[in-house]
Amino acid sequence: MERSATIVFVALTLLVAGSVVVVVVDACDGVPRMSAVEACKQASVGPAMSRTCAETLGTSADEQEATDFMVAAANAATESYKAGKEAVGKVLSNPLAPDGERLPCLVCANKYDDASMLVASTADDAKRCKLSADSLPDLVTAVSSVDECATKMFEESGNTTSVYATAITNRDWTVLVLRLATLVVPRQQLS
């Protein structure tokens, strides 16, 4: 996938103002254009993810390149990892927190770092039109990392902690990034 710069010059000379308008459109070759609604429809696997997608991408019917949606979701996911690490940090800095909650938080701190690095790197590839089927395993690893955090929290503390709830939300965001990335990667590479 190569980035082709399509530069459209629209020169409108306004007699009164005497100005020129220049419009620059930049796109990755072969990446479909769709609305946020359509991207969410294709990327979502259930009501919770559909809500997450709509909250992240909006509900505009205007078409954009699918890369834009994937990058927006990746940015939201990396921000959510920061919130997850903050929740983990609160537990770890609390000397009264039970070991059953503290120990999985140590795992989560590392897993959020891993996921953040992988998602940010993949988003960077997408921005440079270098996203390919070879990039997708990094996103699968990111999903697995966040899921491992949630699993450790569940095993040790159940599903009532804020760290667990945050990890589940972060996992959904990461899955959304992966599913949106599959819209960007040319279909022939996925076969």
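The mean pLDDT of the protein chain, where pLDDT is the predictor's confidence in each residue on a scale from 0 to 100, is 84, and 84% of the residues reach 70 or more. This is a predicted model, in which local features need pLDDT of at least 70 and side-chain atom pairs count only at pLDDT 80 or more, while totals for chains, interfaces and linings use all residues. Residues are numbered from 1 along each chain as its sequence is written, and side-chain values use heavy atoms, with hydrogens and water left out. Over residues 2-25 the pLDDT stays under 50, although the model has 34 contacts beyond four places in sequence for them, a contact being heavy atoms within 4.5 Å. Where pLDDT is low, the predicted coordinates should not be read in detail.

The secondary structure of the chain comes to 7 helices and 4 strands; helices (H or I, at least four residues) and strands (E, at least two) are DSSP runs, numbered from the N terminus. Read from the N terminus on, the elements follow the order β-β-β-α-α-β-α-α-α-α-α. Among contacts between residues at least 6 apart in sequence, 71% join residues at least 24 apart.

We can now turn to the interior. Of the 191 residues in the chain, 40% are buried, where buried means under 20% relative accessible area, exposed means over 50%, and partly exposed lies in between (1.4 Å probe, protein chains only). In soluble globular proteins, nonpolar side chains tend to be buried together. A nonpolar core is defined here as a set of buried Ala, Val, Leu, Ile, Met, Phe, Trp, Tyr and Cys residues joined through side-chain atoms within 4.5 Å. The largest such core has 55 residues, and Met 70 and Leu 180 are the ones that touch the most other members. At least two residues of this core come from each of helix 1 (36-43), helix 2 (47-57), helix 3 (66-93), helix 4 (99-127), helix 5 (136-157) and helix 6 (162-184). If residues up to four places away in sequence are not counted, Leu 180 touches Ala 39, Ala 43, Leu 57, Phe 69, Met 70 and Ala 73.

Asn 170 is found in helix 6 and, at 1% relative accessibility, counts as buried. The side chains of Asn 170 and Ser 80 are joined by a polar contact of 2.7 Å, that is, a pair of N or O atoms within 3.5 Å, of which, within protein, one must be able to donate a hydrogen and the other to accept it, and residues adjacent in sequence count only if both atoms are side-chain atoms. Leaving aside residues up to four places away in sequence, Asn 170 touches Ser 80, Tyr 81, Gly 84, Tyr 112 and Val 146. Asp 68, by contrast, has its place in helix 3 and is partly exposed, with a relative accessible area of 39%.

The cysteines remain to be described. A disulfide is a covalent bond between the sulfur atoms of two cysteines, and here a pair of cysteine sulfur atoms within 2.5 Å is taken as one. By this rule the count comes to 3 disulfides. One of them joins Cys 28 to Cys 129, with an S to S distance of 1.8 Å. Cys 28 lies in strand 2 (residues 23-28) and Cys 129 in the loop between helix 4 and helix 5, so this pair ties together parts that are 101 residues apart in sequence. Both Cys 28 and Cys 129 are buried.

Another disulfide joins Cys 40 to Cys 53 at 2.1 Å, and it links Cys 40 in helix 1 with Cys 53 in helix 2, 13 residues apart. The torsion about its S-S bond is about -90°, so this disulfide is left-handed. A disulfide also joins Cys 108 to Cys 149 at 2.0 Å, and because its torsion is about 95°, the link is right-handed. With bonded cysteines counted along the chain, the disulfides follow the pattern 1-5, 2-3, 4-6. Cys 105 is in no disulfide, for the nearest cysteine sulfur, that of Cys 108, is 5.7 Å away.
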